[in-house]
Amino acid sequence: MLQYVKLQVNPQVIVLPATAEADLLAAAKAPAAAAAGAAALAGDGIEGDAEVVVQLQRPSMFTYDRQEDAGGGEGMLLVDKLTEMKLEGHLLIHGPSLSALDVFKEEEHPSAMGISSSKEGASVYGLLQRCVTGMGKRLLRQWFLRPVVQLEVLADRHDTIELLLEAPSTNDALRAVMKQDGLEPWLQLDPEDDDAAAAGFGGGASFQARHQPAASPWDKLAIILKLLAAIGPQLTACGTLIGDVLDLSSPPADGCLVQPGVCDALDQLKATHAALPELLTQVVESELQRVPAQVARRYSSQLWSMVYIPQVGFTMCVTGGRLAEELLELLPDYDLAFMGDEGPAAAAAAAGADMGGQAGDGSCTYYYCECTQQLNSQYGDLQQKIQDLETSICTELIKRLLEFGPRLAAAAAAVAELDCLASFAAAARELGYVRPTLTTDDVLLIEGGRHPLTELLTDGRFIPNDTCLGMPAAETTAAEQQQQQGSEAAGPRMILITGPNASGKSVYMKQVALLVYLAHVGSFVPAQRAIVGLRDRILTRLPCCSMEAVAQHASSFMADLGQVSTILHRATSRSLVLLDEFGKGTLTSDGLNCARMCGVDRAVLVRASDVLSLQQAGQPVSRLALPQLQQRDEQYWQLMQQLAAVELSDEGAVVRLLAAMMAVEAAAS
């Protein structure tokens, strides 16, 4: 696998974690000569004997360095770990289909601070993404990228969402706890204290029933079992260790996180730093006393303050103009450092600089003097010493926490999953979604279905639509009973939609696909009722998908042919296929040939050609002349004549003729 990635990326440097196994190191160092040779035969011209530099870096579990800071760039491949993902059990849907269905929509960030970054636009993922933790957001995106077709997994997600909808206060409490504290409440839980455990889970009393088998439907949920399995002595010890070292109760001041009492030297430095503003005020007052009172009164409009600016040190800031020559004669040790407005002083204060005195309006002039030299020698690196000590303490804490790595990872994964399910429940409650019924039968029944995005733009005027595939619409109840008994329901397997422009055909098609897609993600769906048979693929040929033709240096029609070819090769009896405006813009004859290529029956094509010819000539279109239709019409016409001749008082004859007419219709269908 790594050899294939190296062949595609052609990196000059590969960065691996320091804990990488020997086999992974050997694969990274080995040249991709064999694969490159095959590629060269294919005409790619890639050289496989180029040297690849392998670098090791610390594990990224407890580091928050950005990828650019870690050395990412052109010609570099960052490998955290290699895992095998099996396609079995997942609903396959390719990227252009996700874009055409508006599952994801990436937009450029509008703010000036978001240059070169992007944000999620008006998409289905953005609509349902209500997660309150970063790990929950990342997991939810993985769920949307990898829908599942495992009935047990989906049923468990739907059960959890349903219970959270029945207890909205519990769901709100869980989300509030996770938003405020993240993983911290679970780190502080005592596995032997049921009351504390219930409080940590948001006050849900059902969590206390873990010692009472089958006492609550919560006990059977997979997420509850994962959370309870993650809570143990190791996780409690980990939480105690973090709580003893770090102060997470309030936002850090000046980047300080370590609790008092952990390090005496650090406490002394922090005490000195806390007393520094008062000391600086005293220094300013002593400097002002060097100026005679009668002289000071002439320059009372100037304000003096002692300012510490990183990389510059302590300086005396004079607001209101430069010092006069009269003052400089009285203060011979004052040397001009630089001049500026209030920006540097304000920026220094915002960055955590220490200031004594006050600063007023006007330009600022900064001076060095003997007192600033003394302050720099005694306190100039005070903030840096505090940060260095805290960094060393946090590094030692990380080393100890690495022993609890698997337990922390399991707890974080469980909290992330709970965050996703709580997000689905919040969205379902707000948007009025219902639980779909999933089955292994090849059926799709939707009553009152709505497009999740379009309905938000119509101000409540969206008209719900029904869909029936694999099940007769007139025999819904009987078909559901057959479904429960394990028998297959018969019904149409294809729907042909026609209508004028802007009548909602594309919206309807996307709506059906999105409802099926959301059911496989594990979310509730926008409908009154939905029975969804498990699908293996969602294959689309939508107008939005043709936008990629520009990047492929191909015509739109060529891109359409490629998409339909993919559908024909990959579609199975369990696939959901959407074809919208295939061959749009082509001649009539070309369109008929495209339909013939897709396997459409010749009789249908001949009839379509005749209808188009009659419409172009302005002539009326007659009924299709087929022997079966003519025979049915004759039988129906004879029965209608007999029914018209029968007296209404003869109920037996009327019922007999009506039954015969229904039999003719049933035989024809």
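L174 counts as buried, because its relative accessibility is 1% (buried means under 20% relative accessible area, exposed over 50%, partly exposed in between, with a 1.4 Å probe and protein chains only). The structure is a predicted model, in which local features need pLDDT of at least 70 and side-chain atom pairs count only at pLDDT 80 or more, while totals for chains, interfaces and linings use all residues. Residues are numbered from 1 along each chain as its sequence is written, and side-chain values use heavy atoms, with hydrogens and water left out.

L174 lies in helix α8 (residues 168-181). Helices are DSSP runs of H or I with at least four residues, numbered from the N terminus. The C-alpha atom of L174 is 8.8 Å from that of L418, although 244 residues separate the two along the chain.

Helix α20 spans residues 405-431. Its 27 residues reach 39 Å from first C-alpha to last, close to the 39 Å expected at 1.5 Å a residue (1.5 Å times one less than the number of residues). Of these 27 residues, 20 are buried, so α20 is largely enclosed by the rest of the structure. G432 follows α20 and has a positive phi, near 75 degrees.

Helix α6 (residues 134-145) meets helix α23 (residues 505-521). W143, F144 and L145 in α6 contact Y517, L518 and V521 in α23 (contact means heavy atoms within 4.5 Å). By class, this contact has 6 nonpolar, no polar and no charged residues (Ala, Val, Leu, Ile, Met, Phe, Trp, Tyr, Cys and Pro count as nonpolar, Asp, Glu, Lys and Arg as charged, and the others, Gly among them, as polar).

Methods:
Helix = DSSP H or I, 4+ residues; strand = E, 2+ residues; numbered from the N terminus. Axes fitted to C-alpha atoms, helices over the stretch in contact; angles between N-to-C directions.
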